[in-house]
Amino acid sequence: MATNTGLGHLAVASWGDELTDTPLKLFLCPACQLPTIAIGAFERERSVCRICKSTSRERAVAQAMRKAIKLRPKAERIIGVSDSKWMVKFATKLFGNRYANHHYHQEPLLDIVNPDPVLFNSADIVSCCEVLEHIEPPANRSFTGLFNILKPGGIAVLSVPHTRSGDAHVEHFPEMRDTKLEMEPTPRWTGYTPDGEFHSYGDLNFHGGLGSTLEFRVYSEDSFRSFLENAGFKILEIIPNDRLHGIVWEPWSRVWLAQKPS
Ligand SMILES: [Zn+2]
């Protein structure tokens with residue numbers, strides 16, 4: 001529905017239930033905290049904030065981080081797990097030098113599958129967004145790693161692409177050793193199963209372009225919940241659509257808030 005906003009001839013979305021194709025949409029951005037408009041259709045990785053360039057998903061992450069800090073107002077250490085450039089900028093603005101992004105290949109180091117025990121019980125808040133689908137099986141080790149680096153009562157802000165409740169969890173590859181990603185002549189994921197058998201898989205799915213991040217699995221809402229709960233997490237919230245704050249996309253692939261019990 002187009003409404004006259006006093007902004008000249010701008011047509012803006014109403015806050016009704018319908019998703020609209022209106023090119024300009026007003027909302028209060030939870031990332032930059034300014035009234036702003038979105039560019040592009042309301043989708044998870046689109047509808048970019050005109051001011052801070054956050055996508056719908058990033059605004060949900062921003063909202064989750066603001067909730068996390070309310071739950072941990074005295075947070076001293078916030079750890080990012082391979083956070084995106086946008087996330088680093090947002091978290092640094094929010095937390096200053098209490099926040100540090102960590103990497104698998106560069107300092108400060110963090111292997112979420114096997115974290116250095118020095119990091120155990122060290123983080124008040126951990127952000128781990130669009131990472132857990134890119135880790136070699138078995139997937140459960142990375143959930144345990146996240147759990148271990150959090151202090152008791154610490155909060156994890158998480159996102160993965162996931163399908164709906166009731167859909168199947170899909171693992172693309174078995175657990176293998178001596179694994180390799182070969183790009184020539186065509187991309188293949190290879191390795192040896194525990195019985196010593198060589199396997200080679202083609203038809204790979206990469207996120208963010210060929211050769212960047214290989215997709216190892218597709219979670220469903222149910223499997224993601226189970227992995228979290230099996231690691232010991234208590235799920236606090238799955239951030240819902242919130243049109244007033246520019247968080248609007250299909251009801252799957254949400255941002256999650258989970259807590260390590262005190
Ligand atoms: Zn913004």
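This is a predicted model: local features need pLDDT of at least 70, side-chain atom pairs count only at pLDDT 80 or more; totals for chains, interfaces and linings use all residues.

Biologist: What makes leucine 146 a residue in contact with others?

Modeller: Two residues are in contact if their C-beta atoms lie within 7 Å. Leucine 146 touches Ile112, Val126, Cys128 and Ala156, leaving aside residues up to four places away in sequence.

Biologist: Which residues of the largest nonpolar core touch the most other members?

Modeller: That core has 56 residues, and Val61, Ala64, Val126, Cys128, Leu146, Ala156 and Val157 touch the most other members. Helix α1 (residues 56-71) gives the largest share of the core, six residues.

Biologist: Why are some residues of helix α4 called buried?

Modeller: A residue is buried if 20 or more other C-beta atoms lie within 10 Å of its own. In α4 (residues 221-231), Glu221, Ser223, Phe224, Phe227 and Leu228 are buried. The buried residues of α4 pack against elements including α3 (140-149), β16 (234-238) and β17 (255-259). Glycine 232, with a positive phi near 115°, follows α4.

Biologist: How do you know that β9 and β15 pair?

Modeller: Pairing needs at least two bridges between the strands. β9 and β15 run antiparallel and are joined by two bridges, so they count as a pair. Glutamate 171 has arginine 217 in β15 as its bridge partner.

Biologist: Why is one side of β8 and of β9 left without a neighbour in the sheet?

Modeller: The open sheet has three strands in the order β8-β15-β9, with mixed pairing. β8 and β9 (170-171) stand at the edges, so each has a single partner strand. Helix α4 lies across β8 and β15, at about 90° to β15.

How values were computed. Residues are numbered from 1 along each chain as its sequence is written. A nonpolar core is a set of buried Ala, Val, Leu, Ile, Met, Phe, Trp, Tyr and Cys residues joined through C-beta atoms within 7 Å. A residue is buried if 20 or more other C-beta atoms lie within 10 Å of its own, exposed if 12 or fewer, and partly exposed in between; C-beta atoms are placed from the backbone. Helices (H or I, at least four residues) and strands (E, at least two) are DSSP runs, numbered from the N terminus. Axes are lines fitted to C-alpha atoms, for helices over the stretch in contact, and angles run from 0 to 180 degrees between N-to-C directions.
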